[in-house]
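Subject: A structure for you to look at

Hello,

I am passing on a structure that I have been going through, and I hope you will enjoy exploring it. Please open it first, and then read my notes below alongside it.

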Amino acid sequence: MPSVLFVCTANRFRSPVAAALFKKKLDEMGASDGWRVSSAGTWTENELPVISSISRITQKLGIDLSTHRSVGVNKQLLAEYDLTLVMEAGQKEALVSEFPHIKHHVFLLSYVAENRLYDIPDVLDSRQEAEKIVLEINSLIQRGYDAIFALATNLSHIRYVAR
């Protein structure tokens, strides 16, 4: 059963948006059976909702994040997922430094989606900037769906054989 964990800093904006958009794409492609998709934050307080302005923006894309509550990454959570996709290079560096056993399972979303290394910023200065980031994440998920799907599936098979 393939699984993907999207990670950002606070788990209140980018990673829950990415996870919800990837789940939606899996559903649209008729491929959601057996998949686990979630999100977490590298530096977060647990049980906080998505930032309200983000929830309103994602509703335009058919995504309801009203029940989302933030979760912090930890060793156990990371071990439950085949693929971890982060929003920033610093997040990857922090995760691999603290949890070296996942180094072959954590990637920058921009790299997997379009084979380019760049950060997806945590911009909340204005609604327009936040909407721009949501649309960028949506674009990455749409364009990178096949690559994300394939990588998670391959890592799932490797993990299954290693057990």
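Let me begin with the strands. E1 (residues 3-8) and E2 (36-41) run parallel and are joined by six bridges; two strands pair if DSSP finds at least two bridges between them. Helices and strands here are DSSP runs, with helices (H or I) of at least four residues and strands (E) of at least two, numbered from the N terminus.

Before going further, please note that this is a predicted model, in which local features need pLDDT of at least 70 and side-chain atom pairs count only at pLDDT 80 or more, while totals for chains, interfaces and linings use all residues. Residues are numbered from 1 along each chain as its sequence is written, and side-chain values use heavy atoms, with hydrogens and water left out.

Back to E1. On its E2 side, leucine 5 has serine 38 as its bridge partner, and valine 7 stands opposite alanine 40. E1 also pairs with strand E3 (residues 83-86), again in the parallel sense, over four bridges. There leucine 5 stands opposite threonine 84.

How much of E1 is buried? Six of its six residues are, so the strand is largely enclosed by the rest of the structure. Buried means under 20% relative accessible area, exposed means over 50%, and partly exposed lies in between (1.4 Å probe, protein chains only). In a regular strand the side chains alternate between the two faces of the sheet. In E1, Ser3, Leu5 and Val7 point one way, while Val4, Phe6 and Cys8 point the other way.

Asparagine 11, in the loop between E1 and H1, has a phi near 60°, a positive value in a residue other than glycine. It counts as buried because its relative accessibility is 0%. Glutamate 47, in the loop between E2 and H2, is not a glycine either, yet has a positive phi of about 75°. Glutamate 47 counts as exposed, at 57% relative accessibility.

Next come the aromatic rings. The structure holds five aromatic pairs. Rings of Phe, Tyr and Trp (its six-membered ring) pair if their centres lie within 6.5 Å; planes under 30 degrees apart count as stacked, over 60 as edge-to-face and the rest as tilted. Tryptophan 35 and phenylalanine 149 form a tilted pair, with 4.9 Å from centre to centre and 35° between the planes. This pair links distant parts of the chain, since tryptophan 35 is in the loop between H1 and E2 and phenylalanine 149 is in helix H6 (residues 127-162), 114 residues apart. Tryptophan 35 counts as buried, at 13% relative accessibility, whereas phenylalanine 149 counts as partly exposed, at 27%.

Phenylalanine 149 also forms a tilted pair with tyrosine 145, at 5.7 Å centre to centre and 45° between the planes. Both lie in H6, four residues apart, about one turn of the helix. Tyrosine 145 is buried, with a relative accessible area of 4%. Ring pairs link Phe6, Phe22, Trp35, Tyr145 and Phe149 into a cluster.

Finally, the largest pocket. Its volume is about 210 Å³. A pocket is an open set of points on a 1 Å grid over the protein atoms alone, where a 1.4 Å probe fits, with protein on both sides within 12 Å along at least five of seven lines; lining residues have an atom within 4 Å of a point. The volume is the space filled by probe spheres set on the points, which are joined across faces, edges and corners.

Which residues lie nearest the centre of the largest pocket? They are Pro16, Ala20, Lys23, Leu65 and His68, out of 16 lining residues. H1 gives the largest share of the lining, six residues. By class, the lining has seven nonpolar, four polar and five charged residues. Here Ala, Val, Leu, Ile, Met, Phe, Trp, Tyr, Cys and Pro count as nonpolar, Asp, Glu, Lys and Arg as charged, and the others, Gly among them, as polar. Leucine 65 is found in the loop between H2 and helix H3 (75-79) and counts as buried, at 7% relative accessibility.

Best wishes
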